[in-house]
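I am opening a notebook page on this structure and will record what I look up, entry by entry.

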Amino acid sequence: MSSSLAPPSGGRPVTSSRLPGLVGLCLRSLATAVGLLLAASVLIFAGTQVLPGDVATAMLGQSATPSAVAAIRAELGLDQPAILRYLSWLAGVLHGDFGTSYTTRQNIAGVVGQRLGNTLFLAGVTAAIAVPLSIALGVVAVQWRGGLVDRLITASTRAAIALPEFFVGYLLIAVFALNLGWFDSSATVYPAMSIGARLWAIALPVATLVLAVAGHMTSMTRAALLNVLSAPYVEMAQIKGVSTRALVWRHALPNVLGPIIHVVAVNLAYLVVGVVVIEVIFVYPGMGQYLVDSVAKRDVPVVQASAVIFAAIYVGINGLADLAAHLANPRLRHPR
């Protein structure tokens with residue numbers, strides 16, 4: 001029996017020998033992700049240890065006696081060597097235990113679960129709007145390149161990229177919350193809210209994030225498509241009379257899925273990791289707000305937990321993007 005599967009029409013036969021290559025890619029990506037996360041955990045733990053000041057003194061106040069400070073340090077395990085504290089913390093993280101908050105004395109994992117869910121919901125709604133909108137705008141701009149539509153889309157995306165997120169957020173609050181009164185200035189959500197009420201509450205943060213990421217994704221999509229449209233096979237198709245619409249949708253877009261996937265992945269990682277400013281502006285109860293509050297209170301375990309979760313999400317999204325780009329690119333799937 002032949003080891004080759006039925007070849008697609010006009011394509012090369014897909015043999016079972018390709019499968020080990022894909023499995024090897026997955027294993028290499030997994031090993032890289034584990035190594036990056038391990039390095040990130042070291043940096044995160046070391047960074048929180050070299051911060052100025054003393055946690056015990058911050059908890060008790062400047063008037064605390066030396067004996068009280070020593071008792072708190074012993075209770076928190078701060079009197080142990082740094083390497084032992086790191087290994088103990090890492091072992092807990094690997095088992096899903098992020099420790100206990102210094103300020104609230106609550107289990108961090110329980111609080112992080114709800115906060116992370118809120119952040120992922122905000123990022124997910126933003127991605128559901130921004131990704132298809134950006135790709136569509138990029139395709140439309142290329143289809144009408146050089147015309148008024150292309151110039152309007154290009155100017156709009158450049159303006160969106162140039163405006164800082166905090167400025168856009170405060171501007172939306174001033175216009176739609178304070179002047180028009182359509183939305184609340186704070187995006188307050190809680191578990192018992194209906195999906196409609198939750199979507200209405202996060203309308204302004206979502207609009208801010210869409211403007212922040214859509215401009216970059218649209219520009220990169222347009223640039224990638226223009227690069228493919230200058231290829232010889234596209235010029236040959238134009239000579240044969242293929243319409244511009246067919247050139248863009250049937251010939252150019254499938255060949256730029258790899259770069260587009262990478263651009264989308266970077267922006268999705270930003271949505272999850274870079275929402276700190278947006279959550280603070282709109283007082284949104286997500287991971288970003290939780291991290292900022294913990295930094296202000298010098299709640300080191302919460303800061304460490306938030307940072308390692310953000311790092312895991314960022315590495316994970318980029319690793320999945322590499323695999324998706326590999327699967328979407330025939331030249332990577334079928335190397336010569």
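What percentage of the 336 residues of the protein count as buried? I looked this up before anything else, bearing in mind that the model is a predicted one, and the figure came to 39%.

**Overall make-up.** I then went through the secondary structure, which comes to 16 helices and zero strands. For the contacts between residues at least 6 apart in sequence, I noted that 71% join residues at least 24 apart.

**Helix H7.** I turned to H7, which runs over residues 165–179, and found that its 15 residues reach 20 Å from the first C-alpha to the last, close to the 21 Å expected at 1.5 Å a residue. Within H7 I also found a kink of about 25 degrees, centred on Ile-173. Ile-173 is itself among the buried residues of this helix, which I list as Val-168, Gly-169, Leu-172, Ile-173 and Ala-177. For the spacing in that list I keep in mind that an α-helix has 3.6 residues a turn, so residues three or four places apart point the same way. I next asked which helices the buried residues of H7 pack against, and the partners are H9 (203–229) and H13 (276–281). Just after H7, I noted that Gly-181 takes a positive phi of about 70 degrees.

**H5 against H12.** On the H5 side the contact is made by Thr-119, Leu-120, Ala-123, Thr-126, Ala-127, Val-131 and Ile-135, and on the H12 side by Ile-260, Val-264, Leu-268, Leu-271 and Val-272.

**Gly-99.** I went back to the loop between H4 (82–94) and H5, where Gly-99 lies.

**Helix H14.** My last entry concerns H14 (residues 287–297), in which Met-287, Gly-288, Gln-289, Tyr-290, Leu-291 and Ser-294 are buried. H14 is followed by Arg-298, for which I noted a positive phi, near 55 degrees.

Terms used
Residues numbered from 1 in each chain as written. Predicted model: local features only at pLDDT ≥ 70, side-chain atom pairs only at ≥ 80, totals over all residues. Heavy atoms only, no water. Helix = DSSP H or I, 4+ residues; strand = E, 2+ residues; numbered from the N terminus. Expected span 1.5 Å × (residues − 1). Bend = angle between axes of the 7 residues up to and from the residue. Buried < 20%, exposed > 50% of the residue type's maximum accessible area, 1.4 Å probe, protein only. Contact = heavy atoms within 4.5 Å.
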